[in-house]
Amino acid sequence: MNDKNPKSSSGKFRKWLKRKHKKKQPDPYYLQDELSDGDDFMEDIYVSSLEIDPCTSTNELRIFVGTWNVAGRAPVGSLAVDLEEWLKPQDAVDIYVLGFQEIVPLKTRTVIGAEDPRKATNWNLLIGKALNESSGCPWLTPMLNPISSDSYHYVRNPGLEKGASFSAICDNARMRGKPITQHRHHQQAVIGGSKYKLMASKKMVGVFVSVWMKEELATKYSVSNVKVSSVACGIMGYLGNKGSVSVSMSIERTSFCFIAAHLASGEKQGDEGRRNHQVSEIFKRTSFPRSAKDEHNLHPLTILGHDRIFWFGDLNYRLYNLEDNLARHLIQKKDWKALQEFDQLRREQEDGGVFQGWREGNIEFAPTYKYSSSNCNRYSGGVPSRSGEKQRTPAWCDRILWYGKGVKLLSYLRSEIKFSDHRPVSALFSTQIEVNKSSNPRIFSKDTIVPNIMPPEQIGTSGNYEEGKATLLSLIVKDTEASSIHTQKL
């Protein structure tokens, strides 16, 4: 091959692709924000990769991603009104992905004790009410039977359509070798009439993620491989006061991963190193293992194996090398650009950082932490500080990042709800999914939510049931090797 004239080679390849696919035009929306690196040759390859399969097309979905540290407060009182105000349910949103931190107080008994599944249930009830009743749909309480689990997978009734690709069956039940029918008393019917359906949720101590999707889209598209994973990396590196809960799911031919995280606090020099270490641990230990039934459905095993990835939560990154009084002065001036020059997370998105290559919207709002108390618009500390009040320099602790192509940010906002010492943050995205043109919409008459059953001795620990036998990292290595062997055989 002649390496002296790469332009000639790329030109021939470009002409060949254009002749082969001249009848199909690339989707300009899909490529709008993703092909801006100035590499014409790579652009042609990327455009062509979207065109190679004439049996697929791209459809748009709008995803609302939100994060909120609720400071250990219970979901009662005015929170129902606050949630509705924050979510502002509207027809334009197809999927809601909500991450919460500190839904229980981070005290000894809640960190090392058994999980209380009622906390997740109460939050899901409140979210469902906010999303559905405000949309004009009756929200008939779906929790007809108590559920003794903090993890939920949305599944189709497998007997309703032969060969249905909705395979979000309870993974832990499979791992234990027990058929899902043995857990039928844990199932609950989702009553019709709701606009948004709970697709998956997972709780680990105070970190909680909840994913909701329009019912009509859950029927229209093939939604598969709905799996959850948790990683505890708090006290001693293994307790759940800090860490992540994640959801993996595929919509048609596009895979999504949603990671809700709560990282180490602290604004002293070196504290960012603990946060970076926890991010690395979450990358390494988050796993979505395959089961025997997944043999012909090779879903992603790790976070970075997905097509579209969203990482959000109380990431706790602070302002570095900035005096408190100067930070408050810049906040008063609303000089967000100058303030961001001192933001630790922005540094981690640069070369060599733990979030290198990840993207975030322009921050055009005030720091979200730490407010003096609920129902207060004043930051904690300052001069003069109130008696007994913690001295904290305000910072953008609550963030939303994304990774992958085919994602466009539409808005990045904070809400002014005064429920805790944090302000909630939300982002609205438009993303593309690949759809098989030949696939017909799947019509089902009944949906179910199946809990992810865990044995009592595993409640309150991180990861999946198999973690007791092997670390999540070793599972990743083993499954990756198995996937490689399978691919070679093909």
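A residue is called buried when its relative accessible area is under 20%, exposed when that area is over 50% and partly exposed in between, with a 1.4 Å probe and protein chains only. The model is predicted, so local features need pLDDT of at least 70 and side-chain atom pairs count only at pLDDT 80 or more, whereas totals for chains, interfaces and linings use all residues. Residues are numbered from 1 along each chain as its sequence is written, and side-chain values use heavy atoms, with hydrogens and water left out.

**Exercise 1. Determine how Trp68 and Phe419 are arranged and which parts of the chain they connect.**

Solution. Begin with the criterion: rings of Phe, Tyr and Trp (its six-membered ring) pair if their centres lie within 6.5 Å, and planes under 30 degrees apart count as stacked, over 60 as edge-to-face and the rest as tilted. A search of the whole structure with this criterion returns 22 aromatic pairs. In one of them, Trp68 and Phe419 stand 5.8 Å apart, centre to centre, with 65° between the planes, and the pair is edge-to-face. Next, place the residues in helices (H or I, at least four residues) and strands (E, at least two), which are DSSP runs numbered from the N terminus. Because Trp68 belongs to strand S1 (residues 56-69) and Phe419 to the loop between strand S12 (407-414) and strand S13 (425-436), the pair ties together parts that are 351 residues apart in sequence. Both Trp68 and Phe419 are buried. Finally, look at the face of Phe419, where Arg73 lies at 4.1 Å from the ring centre; such a charge counts if NZ of Lys or CZ of Arg is within 6 Å of the ring centre and within 35 degrees of the ring normal.

**Exercise 2. Classify the pair of Phe283 and Trp311, and locate both residues.**

Solution. The centres are 5.1 Å apart and the planes make an angle of 50°, which is a tilted pair. Phe283 lies in helix H9 (residues 271-285) and Trp311 in strand S10 (residues 308-314), 28 residues apart. Both Phe283 and Trp311 are buried.

**Exercise 3. Find the buried residues of helix H4 and what they pack against.**

Solution. In H4 (residues 79-87), the buried residues are Leu79, Asp82, Leu83, Trp86 and Leu87. The buried residues of H4 pack against S1, strand S2 (95-101), helix H6 (117-133) and S13, where contact means heavy atoms within 4.5 Å.
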